[in-house]
Amino acid sequence: MQEEIHTMQETGTESNPEEIRRDSTKIYFFVVAIAALLATNVYFYIKYKNTGDKVYELTNEKVNMQAEIDRIEAELDRLTGENVELSASLKTAQDSVRSTITALRSELAQNNITKEQLASAKQEINELKQQVASYLTNVENLRNENAQLTSERDDLKEEISTSSERVTELEEQNTDLVGKIRLASALKVSNISINGVRERNGDKQSIETRARRVDKFKIDFTITDNPLAEVGMHDVYLRVIDPNGNLRTTDNGLFEVEGNQIQYTYKTAIGFQNDGASYAIEWTDTKGFQKGTYTILLYADNSVMGQSSIVLK
């Protein structure tokens, strides 16, 4: 019995270190596994954190670029809304800028855009900004040129208007001057006398004041010297007003006096030489003469030459 107990004690003493070694190994592998797991977690954390930062950076850059594109396009829309008349080259530049904006929006709309693509797009935006700046400068120059042309056009219109008014004024003055010259150049009677004439046998004539014996009127007159008057033949018109106030007419002839058409009694012509010569006109009333006052007016060159009256008994 004691031998068995002794044998069991020896066996227990020998197995205890082995178990301890096995337990130590397990603990070692467990620690290594935990360390590896921690290392893996740290690796993936750092990796995904860097990836997240990159994604955030790319997203933020995209947003900023889209905002810049929106600003550029808004500036173009503002200029277009101002109805500035663009030249062919500026219109082409505007179309090019808008095409570039459309292409950039398409690129930025891709969710899988790379950093390199984003950098390329950013470069295009910078070029686009330069194009827009150049375009804005050209449009501003064009606007200034249009404003200058408009100002010059308005000045020219005002000048033309002023010139037209001046021309009208000169025309009126010229018309007035022509009228004055016409009046000044018209023939005027310096003296006039009217006599009733009775015709006798042998072509003899005598002055008569009794109406029943008068056969005709003889109007003697001289014309005032006038260096402005045209030398040569001048038509002379007579208007005879009888004692009843009626105009004596024969053929209802008309002539012009100061722009108006009026009837005359008799028409003849005289040769004017501006030499103070005397003239005589004879007129016979086919209806016979009556008692009372006759008024005779002489016209030439569209104006009155002179007038006088005669009283028959």
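Okay, hi everyone. Quick housekeeping: residues are numbered from 1 along each chain as its sequence is written, and side-chain values use heavy atoms, with hydrogens and water left out. Since the model is predicted, local features need pLDDT of at least 70 and side-chain atom pairs count only at pLDDT 80 or more, while totals for chains, interfaces and linings use all residues.

Let's start with the sheet. Strands here are DSSP runs of E, at least two residues, numbered from the N terminus, and two of them pair if DSSP finds at least two bridges between them. In general, strands of a sheet pair through backbone hydrogen bonds, either parallel or antiparallel. Ours is an open sheet of 4 strands, antiparallel, in the order 2-1-3-9. At the edges sit strand 2 (204–207) and strand 9 (278–283), each pairing on one side only.

Strand 3, residues 216–223, pairs with strand 9 over 6 bridges. Which residue stands opposite Tyr279 of strand 9? That's Phe221.

Hold on to Phe221, please, as we move to the cores. A nonpolar core is a set of buried Ala, Val, Leu, Ile, Met, Phe, Trp, Tyr and Cys residues joined through side-chain atoms within 4.5 Å; buried means under 20% relative accessible area, with a 1.4 Å probe and protein chains only. The largest one has 26 residues, and Phe217, Phe221 and Met305 have the most contacts inside it. Strands 1, 3 and 9 are among those that each supply at least two residues of this core. Met305 touches, meaning heavy atoms within 4.5 Å, residues including Phe221, Val236 and Tyr299. There's also a second, separate core of 13 residues, with Ile72 and Leu104 among them.

Now the rings. Rings of Phe, Tyr and Trp (its six-membered ring) pair if their centres lie within 6.5 Å; planes under 30 degrees apart are stacked, over 60 edge-to-face, and the rest tilted. We have 10 aromatic pairs. Phe217 and Phe289 make a tilted one, 4.5 Å centre to centre with 55° between the planes. Phe217 is in strand 3 and Phe289 in the loop between strand 9 and strand 10, 72 residues apart. Are these two buried or exposed? Both Phe217 and Phe289 are buried.

Phe255 and Tyr299 pair edge-to-face, at 5.2 Å and 65°, and both are buried too.

Note on methods
Buried means under 20% relative accessible area, exposed over 50%, partly exposed in between (1.4 Å probe, protein chains only). Lists of a residue's contacts leave out its neighbours within four places in sequence.
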